[in-house]
Amino acid sequence: MKMNNIYNKVGIAALALFTLASCSDTFLEEKKNYDNVNAGIYDYYEGASRRVSDVYSWCLPDPTSDANWKYNCTGNADEQSKSTEEYAGFSLFVHPENEMMVQNGAAAVPDYFHNQSNNIQASVWGRIRNINDVIKGISEGALSQDKKDELLGQVYFFRAWCYYQMVKWYGGVPIISEVLEPVETNSTPRSSAKASIEFILNDLETSAKLLAASTTNGGWSANNWGRVTSGTALALKGRVLLLWASPLFNRANDQSRWQTAYDEMKKDLSVINSCGHNLYMGEGNEINGSAFAKIFTKTRCSEDIFVTLYNTIQSGDTQKNNPWERGIRPKNATGSGLNASAMIVDLFPMADGKIPANCEAYSSLPKSSIDYEAEYPFMNRDPRFYRTFAFPGVRWAFDGDATQQNPENPSYNSGKDYELWNYAWYQTTDERDNIKNGGYGADNLGSSNKGMYIRKRSDDLDINPSPLYQNWAASANQSGFLYSAAPYVEIRYAEVLLNFAEAAAGANKLEEAKNALVQIRQRVGYTGDCGLENITASQQTCMAAVLYERQIELAYEGKRFDDMRRWLLFDGGANFSEIPGAPSSWTLTGWGGNTCTWLGFKPFNGQRRENLEYRVSNDWNDGLGFGTGTTVASDPITGDGEERCKAIDLRKDLAAQQETLKAWYQDHLVRKTRAGDAYDSNQAQMFMHFWAKYYFLGLSQGALNSDVNLLQTIGWQDTNRGNANGSFDPLAE
């Protein structure tokens, strides 16, 4: 259980230090990488600050990347999000036929622990070594104490952030707080999960204390906005405390962990507020969840607590563009489009704030009295529904002429009046009636059509008249949203409230949990009890309501998979006894022995996720005869001279608009189920399966190769010990 070779290899790279002959701005500007310098750089604020900026560049979340060893999940359709309700399509974690193993080709366990040994910037431990080097350099440098505190507070946060990313997957990991020399005698054992959690919490407390003078009087000045604050550290601290109290780590439901989480979060809230962080409520006259939508389009929003900033620079070392807008917009708006699963579409709340009556996801939650019309899912929904999804017949404005990329694309007044009409038609009845086949989308969407587009986090022109993207498409080789400066928000104030609500529910402070949810719902227009009047009937119902609210409020922000793992929602924690070598302490004894049963949540294992599509109804598809083509002119509705109704405009009251669109759907469109999750070799449906051993990941072969003394996690193959079962217990203290 040693960590020697990892540091031997990455340490050698880090010790190739430059000699600092000058600390002028010119000298610093000439360096593209500030991690290779000698100790003299820390005697100057500019030099030390550049080293801190280097830590940011290595560690900030990045929505341009799928979740991997370096980056957390940010809501992309990656292996983690595709293991939730948000996307259909099997991932490594839920594929029923390909059990992940240490050595199993395409189904090898992902490596979030180690990555490369010979490149410090491509190593998990290289990031931590770089951070430790900065801490040492600043601490021993000649700066004044207040300047040291300002810089060190930021770096301690990122060390905690890096460790949090590992501990949530592996439990105990090696704790390395010094810059180890690359010699064989330097080795560090894998610590317990408890010690690892305590280390993270200590770093976050240190960060918050050191940053207090700089950030607790309203936060950073404008030119430093985006740097972490005391509030950032304490917000992450709340997330870590919640992880420790959750069933993943707290199998016996130790109430002291919930009480500690509740007490600490309640105490820390005033400090978070003092840093300028609070729930963003808009600028007045908000409608249909517009304040909620604006969070993601503002370059300096009070809700943003931990944020990655972007720009519209088109080339060079400082280019840093956010691709999210390009990813979610339809192809005829020069995007590529992301498809939401039918499962998440169907489980969003109704307009009264309650779960649809026919939704099986949460049996314990009060059901809505409003009928859910699956054929018309836009009818009478929670305001966040319209800001999370886009469907045929909804306005989704942008600034730019998509006809420059393809003259067949609709202009809609250069995007300013864009309406999404993504219904589809088919050339044969066999194609039409086969759920594995997709039709041809209207308005030049063709085979790139998505049934229900993800709209969340969009830079919608109707809510942001000064869009954050530039350089609209001028040729077929460019994409209109290529250069977007929209920030990515990893922690926002709503999550702080949700974390507190969960801790309060766990500590049996049900009214306080409810009140936190009420605040979140008031932002999108709910009043009174906001549809939450019955959730304090029991602790189970209250906790289910909190988890449901997280699922809705944080959809497509990369949080759901972590929540599902924390709460063992794939099987309720019923299958730990199936893990070879699992000790009795792994058995879930709290929550009645099954979190899903306790919550009234339908276990994810054994379910399928499908997609949906709106196709032209049989009468209209037959109007011109099948086989009429796959061009814009082949549209069976507009090609026959029929006019579309006015699309729903979210700037206006929805009541009458919904009825108009529903009537048009009734006359023209039919909801079609489209295949989402995979089929086996016999074309039979397959259903999701998450093995119990996945709740704590095993070390990859690369990590094991780096150190023969490193012990494997229980339930996973230890190739350093004759393929024996792993012996490291993530729950042992």
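Residues are numbered from 1 along each chain as its sequence is written, and side-chain values rest on heavy atoms, with hydrogens and water left out. Because the model is predicted, local features require a pLDDT of at least 70 and side-chain atom pairs are counted only at pLDDT 80 or more, whereas totals for chains, interfaces and linings use all residues.

Across the whole structure, the search returns 57 salt bridges, a salt bridge being defined as a side-chain nitrogen of Lys or Arg within 4 Å of a carboxyl oxygen of Asp or Glu. One of them joins the side chains of Lys194 and Glu733, with an N to O distance of 3.7 Å. This pair links distant parts of the chain, since Lys194 belongs to helix 6 (residues 193-215) and Glu733 to the segment after strand 14 (724-725), 539 residues apart; helices (H or I, at least four residues) and strands (E, at least two) are DSSP runs numbered from the N terminus. Lys194 is partly exposed at a relative accessible area of 34%, while Glu733 is exposed at 62%, where buried denotes under 20% relative accessible area, exposed over 50%, and partly exposed the range in between (1.4 Å probe, protein chains only).

A second bridge connects Lys298 with Glu283, their closest N and O atoms lying 3.6 Å apart. Lys298 sits in the loop between helix 9 (290-294) and strand 1 (304-308), and Glu283 in the loop between helix 8 (255-274) and helix 9, 15 residues apart. Here Lys298 is partly exposed, at 24%, and Glu283 is exposed, at 52%. In the bridge between Arg644 and Asp635, the closest N and O atoms are 3.5 Å apart, and Asp635 is buried, with 2% relative accessibility.

The largest cavity holds about 130 Å³ of space, a volume being the space filled by probe spheres set on grid points that are joined across faces, edges and corners. Its lining comprises 13 residues, of which Tyr164, Arg239, Asp562, Asp563 and Arg566 are the closest to the centre. Helix 5 (145-170), helix 7 (230-245) and helix 17 (560-566) each contribute at least two lining residues, and helix 17 provides the largest share, 4 residues.

Key:
1 Å grid on protein atoms, 1.4 Å probe; cavity = no way out; pocket = protein on both sides within 12 Å on 5 of 7 lines; lining within 4 Å.
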